[in-house]
Amino acid sequence: MNRYAIIVSSLLLLQACQPEPLVLKDVPQAESKMVVSTITDGDNTVGVFLTRSFAALEGFPEEDAEILSKYIVQKALVSISGAGQDALLNELYPGFYASDALSLIPGETYAFVAYDNTSGQQITANTAVLEKAFIEELTVTEYPVGDEVFIQVNIRFQDLPGKNYYMVNVSKSDPNSDPSEVVNRDVHTQLIEEDVDEAMIKEEFVAFLRKVVPGDTLRISLAHISPEYYFYLDQVSGNFIGESLLSEPYNYPTNVNGGYGFFNLHEFDRRKVLFGK
Amino acid sequence: MDLVEFKNSIGVISDGREIILTNFSWYCIYPMSLVFRTYLIFFSLLLTTGAAVAQKKYKIAGTIQDEKTKAKLSFANISIDGTSKGTTTDESGHFGIYLTKGYHVLSVTYVGFEKVEYQLRILGDTNITIGLKAKNKVLKEVEVVDVRKKEDQVVNVQSSAISMTKKEIEMVPTIAGENDIIKVVQLMPGVSKGIEGTGDFFVRGGDADQNLLLLDGATIYNTGHLFGFISIFNSSIIGEASILKGAFPSYYGGRLSSILDVRTQSALGDSTAVEGSIGLISSRLMIKTPLKKDKVGIMVSGRRTYIDQVIDVVSDELSLPYYFYDLNGRVDYKLNDKHQLYLSGYVGADILQFERVPENSENQEPFRSNNDILNHSQTLGWQYDFPKNGKMNTEVHHSVFKYNIVSSLVNERISARSGIEDLGVKWNLQLPLGQRNLLNTGISVINHRILPIEFLSDGLVSEFIPSSRSTSKNATEMAVFGELTRDFSSKLRLRLGYRQALNMAQGTLYPGFEPRIALRYAINDHSSLKWSYSRMTQVLHRVSSSSITLPVDLWYIITDDIKPQSSDQLTIGYAWNSVATGFSIESDIYYKFMRNLTEYEPGTSLLFNADFESSLLQGNGNSYGWEIMLRKRGEKLYGWVSYSLGWSTRQFEELNDGRAFFATYDRRHNAAIVLQYNLSKRLAVSSVWEFLSGSRFTPVIGQYAVVNPDNSGVEIMNVYSDRNAVKLSNSHRLDLMLIFKSKPEKRIQSEWRAGLYNVYNRATPIQTYVSLGADGSYEYIQPGLFGTLPFISYNFKF
């Protein structure tokens, strides 16, 4: 037996002596609450996706996305009112409620109410509609580092009056993606806080998306967002390497009374570009 | 600059308000003037009090030492036959006792040495030096005598203190067989440990950064090699060590929870001594030799891990790019019977140098990472012995802790560095005043230079981790202290002390008012009751995660926003000692209230975060509990049983919705049985059995999905429990060690130590997370770090 084998055998022997992990019983589980995700697009459709939170012992959605389907909130009463309008949202797909009868007027505050018939829970939230920001100029180039290729993004857009918060998202546009891979963290979100009124904001940044290679189509969007949502995203991006022993336990903020998630009515300006071409 | 200009300012200080000083000269002159002024007033008061109580008895002052090596024997037992009088030597081997004129028989006993008796005829004050002869192990041993004599625990006013001998440090089986004083401390009552195997410890519900670790008076900021698993204190050089958990004498300050005071052994002697060890992880060697017999001596000791070298030799394919080393040295120079100088130093480092070409790399550029953690300290000491058992000690000390981490790949580079450097001086006078009073007073000044953290990045990585640097800090910790210990009767002893801290940081003065009181009431010759109150303040904080501490945690000084920590602690103690049987008991009840403790804001990421100051929160905590220790110090059986029952909570306005929560290492029950039994003159067995209540944890208790900001999928978010709401499982562990010694008459004494760590392979949980169980359902599991680990080492000395 060569010496290499002796060392490997010794390491395996020590590994074999790893103590069996103990099982911890009676850990209190989180109360199930309704979760709000707002989905807006440029066609005046306002959509809300309603789910429920679930106990940690129910499983891992990142490994088994099917689990999420059990926690979709269906047949809820969902309404949005504001600027003299009052719209009841229809359930177009399980858990997805939408209306195209709302006009989003910048500066106006809109109230959201959802009532779950099954659990009897009701959640509420308010948000103000912000003026939309538009992309003036956009270039995307390759940024090679070693054997990796990153995405260099240069974006230019008109700043709006006052103190503003923006987000620029970069993700892969893939019409053939596997619908079961609903859990998608492969999005780069660049947050911009602008305190000084500038004629034009020029933002340059590098994004790394795990599944993107030159030749892919990228989806890039700009949105003018609320300070609360900016702070929330800032917290999420602060833990970009994932929550671990090196980050303090944290329950992310929400503007939903009695639930989780965010009710937003920001509008996107979207572009699709071919990466590396 | 004339001090008169600052008179008004001093008046403001007496109102308790902080002063912002804007001129550099102010920083230096004003606090120093305050120190000396306070000191002179304090000293005069104590002197007046002491002088008023002088009576006509004669003082016998002396020193107990090893007859052969001249090493001073601390805590030797001195008694006067036919009376209840007794005392013990102090840490330097000195003692003092008062006797009336006439004949007396003075007995001295010390474990491992033959008992001696002297007949004294007292005509006046006398100084004597007594040499003890080491027991010849071939001869029949005549008597077993307890080393921790009456004075130490029953007569002494000090409570909440535990001293540790080298023998106790070496008898405890540990991971890989490395003797480790920190592991011994963790087995003491009132001390609970953090993550298994690491060097963090938590005293009476305090935090890990509230322990002051001193090596010959110099502060040691990083106590562990190998990510904290092995202590930096090389057992070969340790002369004496003690930990104080409460009833703090005014001599000590700067931390809230404990003082671990480690002193290297004197290098004086009349012959060369060599001691060494070869272990699985590291080897060490210590050589002590006189340059001039009993006048000048030198000691050097080194230790290094060599597993990296072994792997390099036996394999071309494997490498372990890590090693640590430490070096200790000490020179003692005894000028005459009154003056002694010593210089001691320590340097240690952990080096991790990693280089690897990533798999499938086209350009074959390697990823490189260099991680250097460096500690060093130096102390220059001068001791002057007064004729009547008084002594004066002056120590100048310097210590540095810093780390530097550099990682690079092609044009990408990121580095992090942090450091703290201390330069200080401590002057201490111990002066008997009459027969019943002992004055202990002094001044301490330490200057801290701190670079909390600096991140530098180049290339693309700077897009994600921009270069950032927290501001360098300069701060001065000053204190004037004094206390008077007085025997009001043979039963009642009072120690009344005060420490005036004057801490200057970033132009702001933070005064700390620290009264210290300790009272002892002797029930009889064998038992006593004790009570104490002490206030401590702390200006340095160690910034670390609430879950885990790392060698690269950084130290930080108070600022305008980060206030000094302070605590008030009350203790009630009981001590009992049976010299005849070698058994002793010490027990304490304590209550401690702590202010301005620090924690991070929820959600703070500690990686590459130079702006940690804005994330720091301050709040309060309290802890209380009961602890007991039964000790046996015999020739056959040696060891102790300890038990602690404690509660420790925290309350921060910004955490847990402002509600109180348990501290992370709020371990309700801690118990340890540490025993060594000598089966024969050449064979002994040592064991440790330890029980720990589970620590506290904040687990994920729920999840939810939200649509990501791009509306291109969902992200999964965690829901955490209330802060530290869950208690991890209790743990217990047995370690065993066999010691096989060479024949006692051999010139080179050697021994083999072999054993098993965690004999029955039980996990000590460090965290909990959800995992898929064998039955297909999800459950919380708690992994441990170390299973059964065998160890063996060879030790020798001559």
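Ala247(B) sits in the loop between strand E15 (238–244) and strand E16 (258–264) of chain B. Helices (H or I, at least four residues) and strands (E, at least two) are DSSP runs, numbered from the N terminus. The model is predicted: local features need pLDDT of at least 70, side-chain atom pairs count only at pLDDT 80 or more, and totals for chains, interfaces and linings use all residues. Residues are numbered from 1 along each chain as its sequence is written, while chains are lettered from A and ligands numbered from 1 in the order in which they are written.

Ala247(B) is not a glycine, yet its phi is positive, at about 50 degrees. The residue counts as buried because it has 27 C-beta neighbours inside 10 Å. Here a residue is buried if 20 or more other C-beta atoms lie within 10 Å of its own, exposed if 12 or fewer, and partly exposed in between, with C-beta atoms placed from the backbone. Asp294(B) also is not a glycine and has a positive phi, of about 60 degrees. Its place is the loop between strand E18 (282–292) and strand E19 (296–305) of chain B. Asp294(B) is partly exposed, because 14 other C-beta atoms lie within 10 Å.

Chain B holds seven helices and 48 strands. Of its 798 residues, 47% count as buried. Contacts require C-beta atoms, placed from the backbone, to lie within 7 Å. Among the contacts in chain B with a separation of 6 or more, 65% link residues 24 or more positions apart.

One open sheet in chain B has three strands in the order E4-E1-E7, with mixed pairing. Its edge strands are E4 (94–99) and E7 (126–132), each of which pairs on one side only. From one strand to the next, the twist averages 25 degrees. Such angles run from 0 to 180 degrees between N-to-C directions, and the axes are lines fitted to C-alpha atoms, for helices over the stretch in contact. Two strands pair if DSSP finds at least two bridges between them. Strand E1 (residues 58–66) of chain B and E7(B) pair in the parallel sense over seven bridges. Within this pairing, Ile60(B) has Thr126(B) in E7(B) as its bridge partner.

In chain A, strand E13 (residues 164–172) is largely enclosed by the rest of the structure, because nine of its nine residues are buried. Both faces of E13(A) are covered. One side carries Asn164(A), Tyr166(A), Val168(A), Val170(A) and Lys172(A), and the other carries Tyr165(A), Met167(A), Asn169(A) and Ser171(A). E13(A) pairs with strand E14 (residues 188–194) of chain A in the antiparallel sense, over seven bridges. There, Tyr166(A) stands opposite Ile192(A) in E14(A). E13(A) also pairs with strand E16 (residues 217–225) of chain A, again antiparallel, over eight bridges. Val168(A) has Leu222(A) in E16(A) as its bridge partner.

A nonpolar core is a set of buried Ala, Val, Leu, Ile, Met, Phe, Trp, Tyr and Cys residues joined through C-beta atoms within 7 Å. The largest such core has 84 residues, and those with the most contacts inside it are Ile181(B), Val185(B), Leu214(B), Ile259(B), Val262(B) and Ile557(B). Strand E27 (residues 473–487) of chain B supplies the largest share of this core, five residues. Another core, of 78 residues, lies apart from it and includes Ala125(A), Ile151(A), Phe157(A) and Ile220(A). Not counting residues up to four places away in sequence, Val262(B) touches Ile181(B), Leu214(B), Leu215(B), Phe233(B), Ile238(B) and Ala241(B).

Note on methods. Contact = placed C-beta atoms within 7 Å.
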